[in-house]
Amino acid sequence: MREFERDNPTIIVWCGLTNETVIDPFLFVENTINANVYLDMLRNYAIHQILQEYVFQQDGAPPHFALH
């Protein structure tokens, strides 16, 4: 007999890096992240920690967009 846990709980974490600092990790409470949830995090959390002009790029993600 081999036991294993099904449907392991997961956590979604976002973290930002610049050449000068690390932006504190953000822990999402949602199980699924959509454009609105992600945009809210950027507007209400991440943008306040960035003190300079920046270029935003997702690691390895192809270009995409969401209509609001």
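Leaving aside neighbours within four places in sequence, Pro25 is in contact with Val13, Trp14, Cys15 and Tyr45, where contact means that heavy atoms lie within 4.5 Å. Pro25 belongs to strand β2, and a strand here is a DSSP run of E with at least two residues, while a helix is a run of H or I with at least four, both numbered from the N terminus.

Residues are numbered from 1 along each chain as its sequence is written, and side-chain values use heavy atoms, with hydrogens and water left out.

Not counting residues up to four places away in sequence, Cys15 touches Val22, Ile23 and Pro25. Cys15 is partly exposed, with a relative accessible area of 39%; on this scale buried means under 20%, exposed means over 50%, and partly exposed covers what lies in between, using a 1.4 Å probe and protein chains only. From C-alpha to C-alpha, Cys15 and Ala46 are 8.7 Å apart in space, although 31 residues separate them in sequence.

Together with Ile11 and Leu27, Val13 makes a nonpolar surface patch of about 290 Å². Patches are made of residues with over 30% relative accessible area and no salt bridge, like charges being joined within 9 Å and nonpolar side chains (Val, Leu, Ile, Met, Phe, Trp, Tyr) within 5 Å; a salt bridge is a side-chain nitrogen of Lys or Arg within 4 Å of a carboxyl oxygen of Asp or Glu.

The aromatic rings come next. Rings of Phe, Tyr and Trp (its six-membered ring) pair if their centres lie within 6.5 Å, and planes under 30 degrees apart count as stacked, over 60 as edge-to-face and the rest as tilted. By this rule the count comes to 2 aromatic pairs. In one of them, the rings of Phe26 and Phe28 have centres 4.9 Å apart and planes at 75°, so the pair is edge-to-face. Phe28 counts as buried, at 9% relative accessibility, whereas Phe26 is partly exposed at 22%. The rings of Phe26 and Tyr45 also have centres 4.9 Å apart, but their planes stand at 50°, so this pair is tilted. Because Phe26 lies in strand β2 (residues 22-28) and Tyr45 in helix α1 (residues 35-46), the pair ties together parts that are 19 residues apart in sequence. Tyr45 is partly exposed, with a relative accessible area of 21%, and Phe26, Phe28 and Tyr45 form one aromatic cluster.

Turning to the chain as a whole, its elements run β-β-α from the N terminus on, and buried residues make up 12% of its 68 residues. The chain exposes about 6,600 Å², of which carbon and sulfur atoms supply 53%, an area that comes from the Shrake-Rupley method with a 1.4 Å probe; for residues, only the protein chains shown count as cover. The mean pLDDT, the predictor's confidence in each residue from 0 to 100, is 79 for the chain, and 72% of its residues reach 70 or more. Where pLDDT is low, the predicted coordinates should not be read in detail.

Definitions and conventions:
This is a predicted model: local features need pLDDT of at least 70, side-chain atom pairs count only at pLDDT 80 or more; totals for chains, interfaces and linings use all residues.
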